[in-house]
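Load the model in your viewer and follow the stops below. Each one gives a selection and says what is there.

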Amino acid sequence: MPAVRINGKEMAAEVRAALTKEVEELKKKGITPGMATVLVGGAEDSAVYVRNKGKNCEAVGGYAELHHLSEDTTIEELMGLIDRLNKDEKIHGILVQLPLPGELDKYEKQVMNSIDPDKDIDAFHPMNLGNLMIGDQCYLGVTANACVKMLENVNVDFKGKHAVVVGWSIEIGKPVTMMLFERGCAVTLVHPDEDFAPYTKQADIIITELGKPKAITGEMIKPGAVVIDTGSNWIDGKTIGDVDYDSAVEVAGCITPVPGGVGPMRIIMLIYNLVEAAKRLGG
Ligand code: GUN
């Protein structure tokens, strides 16, 4: 029997509806979740992502502002803007779109670390990542959180399960490893350049962050496993996952498609963090 397809679009619509209600309640208390996105330079794909984030914020009733800076912006100017946004009471979440262009790229860490951790809705700040490690209040990486929400949606019983995470970024692999561990999984975090098949073959849960199209095929998956594919590989005008869906769907128990799986959930989990930030910081 083919695997259950985990529908990210439907799940995102449900989360969006719940957030819209929460924002309605917050507005009654005089709090409108406010998100500032900062885009430096003219990369067209980044501009599309940023516009999409703004639209998702407005769709739940939030306020979104975009600061589109020119390619020749200096680090001082960028840090000055972040400082103003950190102090701006109508802004609860700040997002500096990566990658930064040209020379600014080498200041990426400095820029991300300058965002007030309470407004760091990307959850890239060391304070949020550190608090995740020690189990304190923090924002969760949006894709990592999307993965866990999708596992919960298909009622995965985490306790004692073996989860294999292939990929290790601070946005996906590392936080999701901690989140699964906290829920009682034994977690193996595997480098995507290593031979990951011996690990995925034993896994009850597989999370992929490979950046390699169709790299995980059906024969690398244990029958009945739950497979969450965060891959988004742009090939010949199409988005292709890390998992070879056609062979994997015959073996797995549940699986996310690409597109229409983690992608739609990812952006709404950013708005989830924004609403959390508004509740935390108030009006
Ligand atoms: N560039 C690509 N993805 C992201 C993201 O999730 N957050 C930020 N800030 N930049 C990105």
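**Stop 1: a parallel pair**

Select strand β5 (residues 162-166) and strand β7 (residues 205-208): they pair in the parallel sense over four bridges. Two strands count as paired if DSSP finds at least two bridges between them. Helices (H or I, at least four residues) and strands (E, at least two) are DSSP runs, numbered from the N terminus. Show A163; I205 in β7 stands opposite.

Before going on, two notes. This is a predicted model: local features need pLDDT of at least 70, side-chain atom pairs count only at pLDDT 80 or more, and totals for chains, interfaces and linings use all residues. Residues are numbered from 1 along each chain as its sequence is written.

Now widen the view. β5 and β7 belong to an open sheet of six strands in the order β1-β11-β8-β7-β5-β6, with parallel pairing.

**Stop 2: strand β2**

Select residues 34-40. Is β2 buried or exposed? Seven of its seven residues are buried, so the strand is largely enclosed by the rest of the structure. Buried means 20 or more other C-beta atoms within 10 Å of the residue's own, exposed means 12 or fewer, and partly exposed is in between; C-beta atoms are placed from the backbone. Show side chains: G34, A36, V38 and V40 point one way. M35, T37 and L39 point the other way.

Seven bridges join β3 to β2, and the two run parallel. M35 stands opposite A64 in β3. Trace the chain from β2 through helix α2 (residues 44-59) to β3: this β-α-β crossover is right-handed. That is, with the strands pointing away from the viewer, the path from the first strand over the helix to the second runs clockwise.

β4 pairs with β2 in the parallel sense over four bridges. V38 stands opposite V96 in β4.

**Stop 3: two helices**

Stay on α2. Its end C-alpha atoms are 22 Å apart, which agrees with the 22 Å that 16 residues should span at 1.5 Å a residue. The expected span is 1.5 Å times one less than the number of residues. Color V50, K53, N56 and C57, which are buried. They cover an arc of only 120 degrees around the axis, which puts them on the same side of α2. The arc is that of the directions from the helix axis to the C-beta atoms. On the other side, E44, D45, V48, N52 and K55 are exposed.

Move to helix α1 (residues 8-28). Its buried residues are G8, M11, A12, L19, V23 and L26. They cover an arc of only 105 degrees around the axis, so they lie on the same side of α1.

**Stop 4: the ligand and a loop**

Which residues are around the ligand? Select L95, V96, Q97, L98, D122 and E171. Each has its C-beta atom, placed from the backbone, within 6 Å of the ligand.

Last, pick L104, in the loop between β4 and α4 (108-113). L104 is buried, with 22 other C-beta atoms within 10 Å. Draw a C-alpha to C-alpha distance to D72: 9.0 Å in space, across 32 residues in sequence.
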